[in-house]
Amino acid sequence: MLLSAAASLVVRPFRGYEALARAAGDEAPTILGGAIRLLFVIGAVVATTAAGRLAPIELFVATFSFAYVPLAQLVAVGVALRAVSRTVPIRRAFALYLAGHGPWLIALLAIAAVCLIAPSPAEVLFAVAPPLVLGALAWSNVLTFACFRRGLGLTAPRAGIATALHSIVLSAIVAGYYLGMGQLGPQLWR
Amino acid sequence: MTMAARRARGEERRASISRAWIIACALVVLGLVGGAAFDPRPERPVVRRAGYRVLEADFHMHTTYSDGTLSPLTLVRQADRRGLDAVGVTEHNTVLAGRLARAWSELTGGPIVIPGEEVTTGGYHLIAVGLETTVSPDQPIEGVVADIHAQGGVAIGAHPVKRFQPGLAPVRAELDGVELMHPIAFATRNPDWRWLDLLTYYEETTPRPAAIGSSDYHFASILGLCRTLVFVHEPASAGAVVEAIRARRTVVLDPDGRLLGHPELVALLEREPYVPRSSDYAYRGENAADRALRLLGLAGVAGVAFLRVRPRRRGEAKAGAGPAP
């Protein structure tokens, strides 16, 4: 099979994470590999949508600009995992989690493809971007649950709590940033 | 380890990289080559009319400091690529991004970057151009405008759709400019954001503020889509641009190409037409090679993301999802 774990997990998240949990050596997912894959795709999509092509400087800078994304995700995973289990190895959890970005990678690449191919990109983007993003959000939560449940062996209730906590913590990090920068508060209470 | 053993191990490692993944990497390289080759820096010729220097400007854009997708550095680069002479980097409720962008532009010889802020509240959005310190939105709007003016900046009503007009009402007569050209003139998802409301607001505001066109850039290719022609005294500088806005020496083009703004300057441009620089907002590409290379590059990115790096070894069990790096 040609497909990587990132692709396979999108289609069969639970069986995929079971198999990934058994992988060892060169076959096991890595934290760096998962993070680089995500940031590379983000950089490519930013370059493509902003410059209309794979402009190297835009790609390179965006890869670093968005480095906070996997960092925030790992904080959320760490907090959620430790809330439900003291024994699951954190590094292993991070590596498995970062293998599950497939839904977001697909959504981002689809958005870039629309920009390059659609005759009227704005109108098509207005139509397809919301369902793409919402779909990626929903399916990525399924993968997160599968990661906790089958990848890390948590019971279903603990995996559910961890998934919910992960979303809450991640949302809190994002909201906390915008509140700290003074960008969100005035929109809410002024 | 002998040389032969080392060589054999190296060959084994090379053979362990899947051919499909290597092809995907090659496509990415092709895409990057195209991205560099077809990304020229256009000329920004010096244009004068009636003793003024005419600058093309965009006063409303965001970066990765808030909800934009470009960093201050690449925002300056893209503004340069789109033939903008002056830009206001107006992050939500902070001037930090604008100051970074200015430093980078001065270092690299880019466009004039004027630090600013989009004072963003639930009731109004106000573009402030020409700031050095952040103006707090946690005060009445009269205080916001006073702070902007105290710093020597100008206050521009941002996309004054019906929803934001009540919030701007206390300072309407003090606005230095009003955004009457905005990308909603071309396409919008929100039926309550109507371009004609912006035009009406501008025409009914007294005293008449400066006509401003801005892209409100967050994402995609619309940087500079709506731009302002600013008539400045030379030498062109951030201060000259701010002075020109304060003196209302601006003109914008509506979607039909009609000139709107300072009456004398509109008449001048009708006698001596000026065509603003355009950019490839619709992703048409430079030519067939550009279009082909960028698609190949994107396909390569998808391949790098979704293909196995190492082929499945002989005898490896076919699980639901084969583990792969």
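Start where the two chains meet: 57 residues of chain A are in contact with 57 residues of chain B. Here, contact means that the C-beta atoms of two residues, placed from the backbone, lie within 7 Å. Select chain A's side of this meeting place and look for α1 (5-11), α2, α3, α4 (56-65), α7 (102-117), α8 (121-151) and α10, the elements that each give two or more residues to it. Helices (H or I, at least four residues) and strands (E, at least two) are DSSP runs, numbered from the N terminus. Among these contributors, α3(A) gives the most, with 11 residues. Now colour that side by class: you'll find 36 nonpolar, 12 polar and nine charged residues. Ala, Val, Leu, Ile, Met, Phe, Trp, Tyr, Cys and Pro count as nonpolar, Asp, Glu, Lys and Arg as charged, and the others, Gly among them, as polar.

A word on what you have open: it is a predicted model, where local features need pLDDT of at least 70 and side-chain atom pairs count only at pLDDT 80 or more, while totals for chains, interfaces and linings use all residues. Residues are numbered from 1 along each chain as its sequence is written, and chains are lettered from A and ligands numbered from 1 in the order in which they are written.

Next, colour chain A by pLDDT, the predictor's confidence in each residue, from 0 to 100. The chain averages 95, and 100% of its residues score at least 70.

Is A:Gly25 buried or exposed? It is exposed, because 7 other C-beta atoms lie within 10 Å. (Buried means 20 or more other C-beta atoms within 10 Å of a residue's own, exposed 12 or fewer, and partly exposed in between, with C-beta atoms placed from the backbone.) Draw a line from its C-alpha to that of A:Phe126, 101 residues apart along the chain, and you'll get 44 Å.

For another setting, go to helix α6 (residues 90-98) of chain A, where A:Ala93, A:Phe94, A:Ala95, A:Leu96, A:Tyr97 and A:Leu98 are buried. Their cover includes α2, α3, α5 and α8 of chain A.

Over to chain B, which is divided into domain 1 (3-38 + 285-306) and domain 2 (48-271); the bounds come from an automatic or database domain assignment. The C-alpha centres of the two domains lie 42 Å apart.

Select helix α5 (residues 141-150) of chain B: B:Ile141, B:Val144, B:Val145 and B:Ile148 are buried. Look down the axis of α5(B), and these buried residues fall within an arc of 95°, so they line one face of the helix. That arc is taken over the directions from the helix axis to the C-beta atoms. Turn to the other side of α5(B) to find B:Glu142 and B:Ala150 exposed. Covering the buried residues are, among others, β4 (112-120), β5 (125-129), β6 (154-157) and α6 (165-168) of chain B.

Last stop: strand β10 (residues 250-253) of chain B. B:Thr250 and B:Val252 point one way, B:Val251 and B:Leu253 the other, and all are buried. Strands pair if DSSP finds at least two bridges between them. Two bridges join β10(B) to strand β9 (residues 228-232), running antiparallel, with B:Val230 partnering B:Thr250. Three bridges join β10(B) to strand β11 (residues 259-261), also antiparallel, and B:Leu253 stands opposite B:Leu259. β10(B) and β11(B) form a hairpin with five residues between them, and B:Gly257 in the turn has a positive phi of about 85°.
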